[in-house]
Amino acid sequence: MTPIAVAVPLAWLLWLVLTEWVPMYPLNDLRPGNLRDRVLAACVNYPFPLAIAAGVALHRPWSLAVALVLCGLCVLGHVRAWWLPYFGRASAGQAEQYRREYARTLKILPTDGHAVVIDVQHIVVGVLTLAMAATTALAAFL
């Protein structure tokens, strides 16, 4: 399980890099005006999968614990950024960022009545986030 648990965070990172830097409209909407936000997101997000993969690869109790905590933070961050605003009420800041960055991207979920709708790009991020958490947990406990 360890090789898979190392590979999944790296796949998660690869997906982020691909969708944040390679124009693939309508999957993503990479306009020059959002370069600063993308750089900031990269600085915040990219260390997480690297640390998770390293923690699993070391396969020590402390490193696996750190990897699990980081996976939990990734899951919580994804839920907070996308699913809570979709099913609940989005803040004015979330609605504005969504309008500016993601309003034109590909969606498969219903959009009526939602200020923020998770797009396909971020549904894939969510699936990879859950897979990363699951494989890390399996590597830690098996």
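Before the first pair, a reminder on angles: axes are lines fitted to C-alpha atoms, over the stretch in contact for helices, and the angle between N-to-C directions runs from 0 to 180 degrees. I also kept in mind that this is a predicted model.

**Helix 1 with helix 6**

I looked up helix 1 (residues 2-21) against helix 6 (residues 120-141) and got an angle of about 160°, with the axes 8 Å apart. Anything over 145 counts as roughly antiparallel, so helix 1 is roughly antiparallel to helix 6. I noted the crossing of helix 1 and helix 6 as left-handed.

On the helix 1 side they include Val-8, Trp-12, Trp-15 and Leu-16, and on the helix 6 side Val-124, Leu-128, Met-132 and Ala-139 are among them. I sorted the residues of this contact by class: 14 are nonpolar, six polar and none charged.

**Helix 1 with helix 3**

I then turned to helix 3 (residues 47-58), which packs with helix 1 at about 170°, axes 8 Å apart. That makes helix 1 roughly antiparallel to helix 3. Helix 1 brings Thr-2, Ala-5, Val-6, Pro-9, Leu-10, Trp-12 and Leu-13 to the contact, while helix 3 answers with Phe-48, Pro-49, Leu-50, Ile-52, Ala-53, Val-56 and Ala-57. By class I have 13 nonpolar residues, one polar and no charged here.

**The largest pocket**

How much space lies in the largest pocket? I have it at about 1,000 Å³. Its lining runs to 33 residues, and Ala-41, Asn-45, Ala-81, Trp-82 and Tyr-102 lie nearest the centre.

Which helix gives the most to that lining? It is helix 4, with seven residues. Helix 1, helix 2 (35-45), helix 4 (61-87), helix 5 (92-101) and helix 6 each supply at least two.

Last, I went through the backbone. Most residues other than glycine have a negative phi, and most peptide bonds are trans. I wrote down two exceptions.

- The peptide bond from Tyr-25 to Pro-26 is cis, with omega near 15°. I placed Pro-26 in the loop between helix 1 and helix 2.
- His-59 has a positive phi, near 55°, and is not a glycine. I found His-59 in the loop between helix 3 and helix 4.

How values were computed
Residues are numbered from 1 along each chain as its sequence is written. This is a predicted model: local features need pLDDT of at least 70, side-chain atom pairs count only at pLDDT 80 or more; totals for chains, interfaces and linings use all residues. Side-chain values use heavy atoms; hydrogens and water are left out. Helices (H or I, at least four residues) and strands (E, at least two) are DSSP runs, numbered from the N terminus. Angles under 35 degrees count as roughly parallel, over 145 as roughly antiparallel, 65 to 115 as roughly perpendicular and the rest as oblique. A crossing is left-handed if the near helix is turned anticlockwise from the far one by less than a right angle, and right-handed if clockwise. Contact means heavy atoms within 4.5 Å. Ala, Val, Leu, Ile, Met, Phe, Trp, Tyr, Cys and Pro count as nonpolar, Asp, Glu, Lys and Arg as charged, and the others, Gly among them, as polar. On a 1 Å grid over the protein atoms alone, a cavity is a set of points where a 1.4 Å probe fits but cannot get out, and a pocket is an open set with protein on both sides within 12 Å along at least five of seven lines; lining residues have an atom within 4 Å of a point. Grid points are joined across faces, edges and corners, and a volume is the space filled by probe spheres set on the points.
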